[in-house]
Amino acid sequence: MKYLIVGLGNIGPEYELTRHNVGFLTVDRLADKQGVTWKSDRLAFSTNFKYKSRQIYLIKPTTYMNLSGKAVNYWMKELDIPKENIIVIVDDVALPFGKLRMRGKGSSAGHNGLKNIEELTGGQEYPRLRFGIGDDFPKGRQIEYVLGRWSQKEIDELPIFMDKAIDMVLSFCTVGINMTMTQFND
């Protein structure tokens, strides 16, 4: 069985430790834990590893967030991985910081990266792991907040939530989405 894990984010040092890049940060942590290194590849940084007889591919699209669908669509076809074996890790302002919610499908909820994935892969029926970044910003300041850097308190707590997200991803790859949602979703 093959799985594609997509961490959403933006490339470049100015975005590196921003809330919008929590998908990148999470797959970076997973790659570190598995002892694999990234390579620059077509439309993404990529790496892969075996886990409990599953082949797991990780990508970080280099297309910038709003064009993430180009990379997802390319890698899904290139690796011949069905949509139900893909999971997209994405930031979500509608969830409190650190809250994680896995879904088998759903709307983009205004997230441009998810919108583009929907457009280029043919719909909303693909798994996603929404990573809560909170909504502690004044009206009209969402972009600044999302593209802003983590507070020190958030940085201190982030590894705990990223490790839970990694557990959820590995569970998704081994026992499936329904059991994973039952076990992990709050």
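Keep in mind that the model is predicted. The protein has six helices and seven strands, running β-α-β-β-β-α-β-β-α-β-α-α-α from the N terminus. Its radius of gyration is 15 Å, which agrees with the value near 16 Å that a compact globule of 186 residues would have.

**Overall build**

- Along the principal axes, the C-alpha trace of the protein spans about 45 × 30 × 30 Å.
- Buried residues account for 51% of the 186 residues.
- Take the contacts in the protein with a separation of 6 or more: 69% of them join residues 24 or more positions apart.

- How many of the residues of β4 are buried? Eight of its eight are, so by the cut-off of under 20% relative accessible area the strand is mostly covered.
- In a regular strand, side chains alternate between the two faces of the sheet. For β4, both faces are covered: Arg54, Ile56, Leu58 and Lys60 are buried on one side, and Gln55, Tyr57, Ile59 and Pro61 are buried on the other.
- Strand β1 (residues 2–7) pairs with β4 in the parallel sense, over five bridges. Within that pairing, Val6 stands opposite Ile59 in β4.
- β3 also pairs with β4, but here the sense is antiparallel and there are eight bridges. Phe49 has Ile56 of β4 as its bridge partner.

**Loops and positive phi**

- Most residues other than glycine have a negative phi. A few spots here go the other way, as follows.
- Lys52 sits in the loop between β3 (44–51) and β4 (54–61). Those two strands form a hairpin with two residues between them, and Lys52 in the turn has a positive phi of about 45°.
- Is Lys52 buried or exposed? It counts as exposed, because its relative accessibility is 57% and the cut-off is over 50%.
- Tyr64 also has a positive phi, about 70°, although it is not a glycine. You'll find Tyr64 in the loop between β4 and α2 (68–78), where it is partly exposed with a relative accessible area of 40%.
- Asp80 follows α2 and has a positive phi too, near 55°.

**Helix α2**

- The buried residues in α2 are Ser68, Gly69, Ala71, Val72, Asn73, Trp75 and Met76.
- An α-helix has 3.6 residues a turn, so residues three or four places apart point the same way.
- What do the buried residues of α2 pack against? The list takes in β1, β2 (39–41), β3, β4, β5 (86–92) and α3.

**Gly7 in β1**

- Gly7 belongs to strand β1 and is buried, with a relative accessible area of 0%.
- Beyond the residues up to four places away in sequence, Gly7 touches Gly23, Phe24, Val27, Ile59, Lys60, Pro61 and Ile89.
- Gly7 and Gly132 are 125 residues apart along the chain, and their C-alpha atoms are separated by 14 Å.

**Glu118 in α3**

- Glu118 is part of helix α3 (residues 112–121). Which side chain of opposite charge is nearest to this buried residue? That is Arg128, 4.9 Å away.
- Leaving aside neighbours within four places in sequence, Glu118 is in contact with Gly106, Ser107, Ser108, Gly123, Gln124 and Tyr126.

**Thr180 in α6**

- Thr180 lies in helix α6 (residues 177–184) and is buried at a relative accessible area of 0%.
- What does the side chain of Thr180 reach? It reaches the backbone oxygen of Gly176, at 2.7 Å.
- Not counting residues up to four places away in sequence, Thr180 touches Met102, Met168, Ser171, Phe172, Val175 and Asn185.

Definitions and conventions. Residues numbered from 1 in each chain as written. Predicted model: local features only at pLDDT ≥ 70, side-chain atom pairs only at ≥ 80, totals over all residues. Heavy atoms only, no water. Helix = DSSP H or I, 4+ residues; strand = E, 2+ residues; numbered from the N terminus. Buried < 20%, exposed > 50% of the residue type's maximum accessible area, 1.4 Å probe, protein only. Lys, Arg positive; Asp, Glu negative; His and termini not counted. Salt bridge = Lys/Arg side-chain N within 4 Å of Asp/Glu carboxyl O. Contact = heavy atoms within 4.5 Å. Pairing = 2+ DSSP bridges. Rg over C-alpha atoms; globule rule 2.2 N^0.38 Å. Polar contact = N/O pair within 3.5 Å; in protein donor to acceptor, adjacent residues only side chain to side chain.
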